[in-house]
Amino acid sequence: MNAPTPGTFQSRHIGPDAAERDEMLRAIGVPTLDALIDQTIPPGIRAGAPLDLPEADSEAGYLRRLRGIASNNTVARSYIGMGYYDCITPSVILRNVFENPAWYTPYTPYQAEIAQGRLESLLNFQTVVKDLTGMDISTASLLDEGTAAAEAMTMFHRLQPKKAPAGQESVFLVSDGCFPQTIDVLRSRAEPLDIRLEIGDPDSLPMDKAFGLLLQYPDDRGDISYLPAIIEKAHAAGLFVAVASDLLALTLLKSPGEMGADAVVGNSQRFGVPLGYGGPHAAYLATRESFVRQAPGRIIGISVDARGDQAFRMALQTREQHIRREKATSNICTAQALLANIAAMYAVFHGPDGLRAIAERVHNMARVTEHALGALGFTQTNAAYFDTLRISGADVKAVRKAAGKAGINFRYVGTEIGISFDETTTIEDVTAVINVFAGAAGTHGTPVFRQGPFELKAPSVLRRTSPYLTHPVFHSHHSETKMMRYIKSLERKDVGLDTSMIALGSCTMKLNAASEMIPITWPEFSSMHPFAPADQAKGYAQVFRELEDALCKITGFAAVSLQPNSGAQGEFAGLMAIRAYHLARGDKARNVVLIPSSAHGTNPASASMAGLKVVVTACDSNGNVELGDLRAKAEQHRDRLAALMVTYPSTHGVFEEDIKEICTIIHDHGGQVYMDGANMNAQVGLTSPAAIGADVCHLNLHKTFAIPHGGGGPGMGPIAVAKHLAPYLPGHPVVTVGGRKAIPAISAAPWGSASILLISYGYIRMLGAAGVTDATRYAILNANYLKARLHGHYDVLYSNHNGRVAHEMIFDLRPFKHAGGASIDEQDVAKRLMDYGFHAPTVSFPVAGTMMIEPTESESKAELDRFCDALIAIRGEIQAVMDGTADVKDNVLKNAPHTAEEVTADSWTHPYSREQAAYPLPFVKANKFWPSVSRIDNPYGDRNLICACPPIEAYADSIPK
Amino acid sequence: MYPTDLKYTKDHEWVRVEGDNARVGITDYAQKQLGDVVYLELPEVGRTFNAGDVFGTIESVKAVSELYSPVTGEVVEVNSGIAQRPESVNTAPHDTWMIVIKVTNPADMNGLLDSTAYSDLTK
């Protein structure tokens with residue numbers, strides 16, 4: 001095989017050059033890369049022919065070609081609304097956050113000591129949401145508004161065991177004033193849990209049997225109702241009430257919390273996040289403090305570090321799926337951290353007065369339009385509104401025609417027309433809107449601007465009087481200079497791929513190339529409303545078509561749904577498709593899903609959400625699925641077997657030889673095989689889910705296909721399915737997508753987070769068939785090189801009979817835990833790596849007391865060597881503790897990470913030197929990263945939950961020094 | 001060595017028999033397995049459980065586990081103070097009780113382990 005040609009994208013994406021590759025092969029002890037692959041992947045599943053993908057494009061060529069495709073999108077002025085509103089991303093945020101790898105390349109902040117920047121920003125997000133909704137606490141973002149509403153429903157379901165006993169039918173009430181896509185997502189989540197949705201006018205819905213109610217404020221029409229009466233009625237009947245709401249509207253409106261809501265959900269998109277044809281955006285869920293431990297997703301909290309200083313961390317991590325598995329209360333894992341950070345920065349930049357001014361301006365545009373259209377004889381039917389008018393009495397057909405000519409999209413509902421205004425609306429826009437109506441009626445109209453103080457078109461009880469965003473952070477950074485410095489001050493506290501390699505096993509932290517990222521903020525892609533007419537989105541349609549086709553080729557499957565917004569959502573979508581398939585065949589009893597004990601925790605959580613019963617199957621001492629146990633359990637449940645969920649290569653980092661037989665056993669017993677695509681980076685071009693015998697898989701586009709992790713989201717988890725499952729791919733209530741017998745929507749937007757699909761599209765187009773396949777080969781090369789270099793220092797837990805690992809491997813740290821009173825554990829190693837400038841690998845997954853390392857193809861030999869040198873040096877530090885030459889408690893490992901403040905302090909009492917603490921190897925001096933806090937006290941944070949920005953003085957006293 | 005005045009279950013709960021009542025907590029072995037306890041979810045007074053039913057959950061920084069009722073009966077007392085100091089499960093496991101159950105099926109008591117049998121189980 002040839003080395004990557006210099007200057008091609010492949011040569012930029014793949015780390016090792018030809019010379020490095022050959023050195024690495026020698027270290028491993030194989031003659032060629034092909035020989036290594038032959039020793040790694042079982043022959044029975046190898047791809048017979050190269051992938052049939054278009055030729056690789058150069059970076060410049062790709063961007064030129066994409067410009068052409070972008071020009072096939074027509075960006076009309078959108079007044080469609082429905083939860084998506086155009087907005088202005090302040091340039092200082094666009095440049096320094098959205099388009100900045102220091103913000104978009106980090107991982108979820110599990111290693112809190114080197115993630116204090118984005119943790120602070122996410123805490124700002126929680127404070128924004130908490131304040132504006134009037135609730136006690138907020139989570140650190142969810143995938144979209146529909147999902148957030150569904151999570152509120154299932155949270156109430158768990159909190160109401162009397163009214164909604166698990167496994168029995170229960171009732172959830174939904175106002176018909178909710179967005180149609182929200183209701184559809186509720187449908188897909190309610191049905192498998194035996195929750196019956198009753199949709200209608202909330203005043204006439206029967207409450208006696210229900211456990212919860214969802215309202216929307218302002219509602220789907222844009223109308224605003226005063227909610228205390230209905231909420232009181234619901235509470236009296238024993239229901240919990242969730243309210244879907246709009247953060248910008250809440251700067252002017254009485255908050256749902258003040259009206260008694262138990263949870264508030266919504267989308268924060270219009271806080272500076274582009275429309276992106278549906279996403280990614282950060283949704284939110286705010287609730288009562290007493291519900292916090294039932295709340296879905298991640299929550300940022302405050303704790304203290306080893307020196308007693310305040311430090312931020314992800315709170316309540318144990319609720320996550322890797323611990324709770326089938327008892328998990330939600331499968332939410334990937335969130336929308338990057339977008340939540342943009343929304344938080346938008347609030348920091350504008351402050352409460354700025355936000356209110358934006359909201360008032362939006363409202364004034366609506367008021368002016370209402371007056372002008374009233375003068376033309378049209379009727380506006382919303383009694384109270386914030387940004388959305390409902391116009392009746394117009395000739396809809398004529399308006400539609402005139403609007404089309406003027407490049408304007410309204411929302412058309414029967415005989416009425418919806419007009420939603422936003423931050424970008426100008427006086428010229430308003431004039432154009434009025435002209436469209438006037439023209440359709442054959443007259444003329446002009447906007448008349450009211451003089452005098454601002455007045456909200458709503459009864460006074462609906463007007464907001466309570467303060468919000470009183471914390472100093474929302475009052476301190478309103479000039480661009482200050483804002484830029486605030487963003488940078490946070491950024492410097494975090495390790496992303498712009499600092500060093502992040503070898504997180506099962507996360508595939510590969511290059512997120514600039515050429516892949518640049519187009520997502522091109523207006524032709526970023527300013528498209530998700531419900532814009534299809535003829536305006538021809539560019540997007542072409543990208544989706546080509547991407548779906550490529551993903552079909554790569555997986556060997558027949559059809560793809562681009563809708564799921566995360567791997568876990570993909571799992572849920574795939575299982576729901578399997579469920580629909582069994583039901584359509586009259587196979588009503590199939591509700592058992594087999595899951596190997598090594599599976600990722602989201603697997604059992606997703607299965608529970610899909611109403612399936614989880615049966616765990618054993619793994620053998622080599623970490624492989626134990627065939628005997630699998631066969632016995634398949635046999636035992638043969639009439640009820642719905643599916644097997646299996647990760648391939650396994651979560652243990654090995655290509656199991658028996659995979660085809662495993663799939664055959666499941667098929668022979670009437671089940672379907674769901675392949676978790678988390679480890680697809682070891683498959684692309686060399687084997688495929690279809691080749692191993694699976695029926696459906698999801699693809700984590702944020703792992704294998706180069707979407708950045710965003711510091712904890714966004715992500716995308718499209719599913720690919722075999723032909724017989726294609727009819728069940730998810731649909732959408734507003735835009736036609738999915739199969740003939742589509743299951744309801746999984747995401748609020750028809751193509752999920754559409755704009756970031758461009759990243760994966762660019763990845764595939766610029767690498768081509770040979771490039772994506774070489775990416776896989778080099779990922780396997782890099783992993784096996786690491787294994788060879790660390791041989792003799794750490795033991796690899798699992799490898800195949802040739803001694804080869806796939807694209808990742810697990811190193812055992814358990815021997816150090818009880819060796820000679822040393823008690824060094826995986827946390828000590830993880831934190832010590834920070835002193836060397838590295839982010840820890842995945843710790844304690846999938847095996848407690850271990851670390852899992854995945855280098856990816858994008859890291860060069862030089863970086864891999866630095867990482868290995870650090871791990872080998874740490875192994876020496878462990879040995880010193882074990883041998884008694886270093887103190888058992890006061891050593892470099894237990895005290896890691898070391899901050900600059902600590903190392904430069906006048907007093908230094910440790911038995912090792914400052915240099916040993918901070919500059920343990922020569923290379924560290926060249927690129928020193930200083931953790932901003934010492935080791936964080938996790939139990940303290942979980943026992944003393946603080947999940948919003950408190951005034952400095954408020955908690956200074958409560959923290960023991 | 002485990003206190004001899006307590007009885008034990010295979011699920012690592014301890015039981016202090018007080019007349020008709022059973023006071024319930026988790027053992028030293030259990031707290032060591034869990035690590036730092038940060039939160040407990042306990043039932044309300046008046047709830048009834050069969051032996052082996054889940055009566056609550058215990059959350060540590062490492063795991064969330066379920067708590068199993070060692071006996072059949074009605075909850076007559078709940079240690080509400082535990083919410084303020086969950087760490088006492090770690091520091092004094094055999095003195096930190098969670099609930100008191102009024103036993104309705106005294107035969108359940110016969111199935112409990114004594115200190116020696118439980119010690120053997122955890123070896």
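## Helix packing

Angles under 35 degrees count as roughly parallel, over 145 as roughly antiparallel, 65 to 115 as roughly perpendicular and the rest as oblique. In this predicted model, local features need pLDDT of at least 70, side-chain atom pairs count only at pLDDT 80 or more, and totals for chains, interfaces and linings use all residues. Residues are numbered from 1 along each chain as its sequence is written, with chains lettered from A and ligands numbered from 1 in the order in which they are written.

Helix 12 (residues 337-375) of chain A packs against helix 14 (residues 427-441) of chain A at about 25 degrees, the axes being 10 Å apart; axes are lines fitted to C-alpha atoms, for helices over the stretch in contact, and angles run from 0 to 180 degrees between N-to-C directions. Helix 12 and helix 14 of chain A are therefore roughly parallel. Residues of helix 12 of chain A in this contact (C-beta atoms, placed from the backbone, within 7 Å) include Met365(A) and Leu373(A), and those of helix 14 of chain A include Val430(A) and Phe437(A).

## Chain A overall

Chain A has 31 helices and 26 strands, which are DSSP runs numbered from the N terminus (helices H or I, at least four residues; strands E, at least two). The C-alpha atoms of chain A fill a box of roughly 85 × 70 × 60 Å along the principal axes. Among contacts in chain A between residues at least 6 apart in sequence, 78% join residues at least 24 apart.

## Contact between chains

Chain B gives 11 residues to the contact and chain A gives nine. On the side of chain B that touches chain A, strand 4 (37-41) and strand 6 (54-60) of chain B are the elements that give two or more residues.

Note on methods
Contact = placed C-beta atoms within 7 Å.
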